[in-house]
Amino acid sequence: MSDAPATDGTWGTCSFCGVAVPAGASNCPICGAANPIPAGALATAARPVRRRIRLWNTLRTAIVIAVAVGLAYTLISSALSGPPTIPDPLTTSGMYTLAPGNFTVIAGNITGGDYIQGNYTSVSPPGIEISVAVYNSSEWSWFTNGTGSPGVQWNNTPTWDGAIVFAAPYTDMYYFVFTNVLPPSSGITVHVYIATVYESDVAEDGGI
């Protein structure tokens with residue numbers, strides 16, 4: 001058996017890593033090992049060489065299969081899970097602490113025609129009245145700057161427990177303001193449970 005590189009246009013095999021070596025090359029283009037095995041001579045190569053080449057080929061095959069399985073799993077998982085969903089800030093629930101005369105706000109964009117449903121309850125101490133008012137972006141600016149008397153999109157008669165049903169007349173940023181109406185001198189802080197849900201006006205079947 002000759003270890004000379006093939007000169008008849010056929011490719012050889014690297015004696016170390018087992019990759020194909022171009023005809024006429026004296027070194028492997030991948031690992032640099034010298035004396036590639038001429039085409040057709042692999043079957044008569046030394047047993048350790050053939051064993052090493054089989055091992056490398058097995059490892060390469062395993063890597064290809066692992067990559068293919070990983071890609072298939074990723075594609076199938078993405079297809080089954082659908083597009084990512086981002087929680088809407090107006091779909092929320094939790095306990096809020098309101099000092100006397102202070103307020104908390106829940107805000108988010110609402111598409112015109114969509115609406116917010118929810119409820120609130122004074123938990124501790126029970127029976128403390130809470131006012132709720134909804135401002136659009138302009139009214140909120142007036143409210144926070146203390147200029148003029150801002151109108152409201154919706155409000156309630158202060159109560160310790162109530163429901164919220166607000167339909168947005170147009171697309172805008174809306175602010176739901178919950179206020180402890182007791183004066184600061186009362187020193188009574190109230191814990192309020194608030195839950196809201198963003199509801200789309202578009203029917204699930206695509207109709208309006």
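Trainee: Which residue in E9 is the bridge partner of Tyr 135?

Mentor: Tyr 175 is the bridge partner of Tyr 135. Keep in mind that this is a predicted model.

Trainee: How many bridges are there between E6 and E9?

Mentor: Six bridges, and the two strands pair in the antiparallel sense.

Trainee: And what is the strand order of the open sheet?

Mentor: The order is E4-E9-E6-E7, four strands with antiparallel pairing. The edges are E4 (103-110) and E7 (154-155), each of which pairs on one side only.

Trainee: What packs on that sheet?

Mentor: Helix H2, residues 137-145, which touches E4, E6 and E9 (172-180). The direction of H2 makes about 40 degrees with that of E9.

Trainee: Back to the pairing. How many bridges join E6 to E7?

Mentor: Two bridges, with the strands running antiparallel. Ala 133 has Asn 155 in E7 as a bridge partner.

Trainee: And how many bridges are there between E4 and E9?

Mentor: Eight, again in the antiparallel sense. There, Asn 109 stands opposite Met 173 in E9.

Trainee: How many residues of E9 are buried?

Mentor: Eight of the nine, so by the under-20% cut-off for relative accessible area the strand is mostly covered.

Trainee: Let me pick a residue in E6. Is Ser 131 buried or exposed?

Mentor: Ser 131 lies in E6, residues 130-135. Ser 131 counts as buried because its relative accessibility is 18%, and the cut-off for buried is under 20%.

Trainee: What is Ser 131 in contact with, leaving aside neighbours within four places in sequence?

Mentor: With those neighbours left aside, the contacts of Ser 131 are Asn 156, Pro 158, Val 177, Phe 178, Thr 179 and Val 181.

Trainee: Now Ile 106 in E4. Buried or exposed?

Mentor: Ile 106 counts as buried, at 5% relative accessibility. Not counting residues up to four places away in sequence, Ile 106 touches a list of residues including Pro 89, Leu 90, Tyr 174, Phe 176 and Ile 194.

Trainee: How far apart are Ile 106 and Ile 194?

Mentor: They are 88 residues apart in sequence and 9.7 Å apart in space, C-alpha to C-alpha.

Trainee: Next, the nonpolar core. How many residues does the largest one have?

Mentor: It has 20 residues, and Ile 110, Tyr 120, Phe 176 and Phe 178 have the most contacts inside it. Two or more residues come from each of E4, E5, E6, E8 (161-167), E9 and E10 (190-199). E10 gives the largest share of this core, with four residues.

Trainee: Which residues is Phe 176 in contact with, leaving aside neighbours within four places in sequence?

Mentor: Among them are Leu 90, Ile 106, Ile 110, Ile 116, Ala 133, Ile 164 and Phe 166. There is also a second, separate core of seven residues, which includes Cys 17, Val 19, Val 21 and Ala 33.

Trainee: Aromatics, then. How many aromatic pairs are there?

Mentor: The count comes to ten. One of them is Tyr 170 with Tyr 174: the ring centres are 6.2 Å apart and the planes are at 40 degrees, so the pair is tilted.

Trainee: Are those two tyrosines, Tyr 170 and Tyr 174, buried or exposed?

Mentor: Tyr 170 counts as partly exposed, at 37% relative accessibility. Tyr 174 is buried, with a relative accessible area of 0%.

Trainee: Which residues form the aromatic cluster?

Mentor: One cluster is formed by Phe 103, Tyr 135, Trp 140, Phe 143 and Tyr 175.

Trainee: Where is the cis peptide bond?

Mentor: It joins Ser 124 and Pro 125, with omega about -15 degrees. Pro 125 is in the loop between E5 (115-124) and E6.

Trainee: Last one, the overall tally. How many helices and strands are in the protein?

Mentor: Two helices and ten strands. Of the 208 residues, 29% are buried. The accessible surface is about 12300 Å², and 60% of that belongs to carbon and sulfur atoms.

Definitions and conventions: Residues numbered from 1 in each chain as written. Predicted model: local features only at pLDDT ≥ 70, side-chain atom pairs only at ≥ 80, totals over all residues. Heavy atoms only, no water. Buried < 20%, exposed > 50% of the residue type's maximum accessible area, 1.4 Å probe, protein only. Contact = heavy atoms within 4.5 Å. Pairing = 2+ DSSP bridges. Axes fitted to C-alpha atoms, helices over the stretch in contact; angles between N-to-C directions. Phe/Tyr/Trp six-rings, centres within 6.5 Å; stacked < 30°, edge-to-face > 60°. Core = buried A, V, L, I, M, F, W, Y, C linked by side-chain atoms within 4.5 Å. Areas by Shrake-Rupley, 256 points an atom, 1.4 Å probe, with all protein chains shown as cover.
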